[in-house]
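Let's work through a few exercises together. Keep the structure open while you read.

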Amino acid sequence: MSTLETDAADANGTDGGGEYTFDDLSVVMGTYNEEAAIETVLEDVERVTDGRAEVVCVDGSDDRTPEIAEAHGARVIRQEPQGYGVAVEAALEAASREVVVTTDCDDTYPMEALPAFLAAVNDGYDVVSGDRLYHGAEAMPALNRLGNHAFAAVASVLLGERVHDTTTGMRAYRREVIEAVDWTENTGLSAELLMRPLARGYDVRELPIEYAERAGETKLDPLTGGAEIAASILRVGVEERFRR
Ligand SMILES: Nc1nc2c(ncn2[C@@H]2O[C@H](COP(=O)(O)OP(=O)(O)OP(=O)(O)O)[C@@H](O)[C@H]2O)c(=O)[nH]1
Ligand SMILES: [Mg+2]
């Protein structure tokens with residue numbers, strides 16, 4: 001993996017030696033009719049972080065998702081549903097803490113891993129990316145799994161560096177990385193959020209995570225969504241090559 005050529009203590013912005021804690025953490029997500037999952041997801045965040053993390057939901061629901069989110073202390077920003085990336089980008093922008101973790105609001109990602117993500121940021125990583133495929137991702141539909149392996153293979157060739165899971169929804173970012181890049185993708189934003197920082201020399205680590213079956217209905221059509229992600233990976237990969 002590429003290495004940012006600064007001292008980790010300086011790079012992590014904690015004024016020389018201090019470590020980030022859950023008080024420095026925002027957990028952000030797009031939420032679109034996630035009534036079946038949101039309570040569990042927010043309770044997990046609250047339990048694992050002792051209620052200390054800020055939670056931001058950018059919500060396009062017409063069910064009770066936003067009310068449930070607010071009842072659990074989340075900051076809810078209402079937005080017409082315009083796709084995954086539009087929501088997640090708004091959520092990243094709204095986050096106020098120094099370390100920002102994205103997740104899906106569908107109970108697929110392990111909030112128990114939040115301490116490990118934070119620890120990796122404290123170790124000096126700028127981006128910590130949850131790798132679902134490492135443990136096999138058996139809860140993932142077979143077509144999605146196949147697609148995700150293919151996306152990772154193509155992205156690896158374009159980046160000249162092996163990546164394993166380009167479309168994961170669970171990552172931690174140091175705020176500076178989010179602010180340093182102009183994001184352009186929507187359905188493919190997750191891949192972009194991994195690829196551009198890697199191509200620009202930020203210190204990126206993939207962290208193996210478990211992946212569970214989804215609660216509630218998917219918001220992504222595997223074929224049209226997959227085609228959009230493939231196009232994003234090609235566009236971002238080529239753009240970043242020509243930037244160098
Ligand atoms: N606000 C908002 N949130 C969205 C929109 N589209 C998707 N989301 C949310 O973004 C997250 C990712 O969507 P998912 O349906 O889980 O997509 P996916 O992970 O590719 O598909 P699954 O494998 O079925 O989970 C979920 O929390 C959705 O509720 C949207 O248009 N607006
Ligand atoms: Mg999901």
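This is a predicted model: local features need pLDDT of at least 70, side-chain atom pairs count only at pLDDT 80 or more; totals for chains, interfaces and linings use all residues.

Residues are numbered from 1 along each chain as its sequence is written, while chains are lettered from A and ligands numbered from 1 in the order in which they are written.

**Exercise 1.** Work out which residues of α6 are buried and which are exposed.

*Solution.* Start with the cut-offs: buried takes 20 or more other C-beta atoms within 10 Å of the residue's own, exposed 12 or fewer, partly exposed lies in between, and C-beta atoms are placed from the backbone. Gly147, Asn148, Phe151, Ala152, Ala155 and Leu159 come out buried. They sit on the same side of α6, because they cover an arc of only 140° around the axis, taken from the directions from the helix axis to the C-beta atoms. Over on the other side, Ala142, Leu143, Leu146 and Val157 are exposed.

**Exercise 2.** Find the strands that pair with β4.

*Solution.* Pairing needs at least two DSSP bridges between the strands. First, β1 (residues 25–31) runs parallel to β4, joined by 4 bridges, with valine 27 opposite valine 101. Next, β6 (residues 171–174) pairs with β4 in the antiparallel sense, also over 4 bridges; here tyrosine 173 is the bridge partner of valine 100.

How values were computed
Helices (H or I, at least four residues) and strands (E, at least two) are DSSP runs, numbered from the N terminus.
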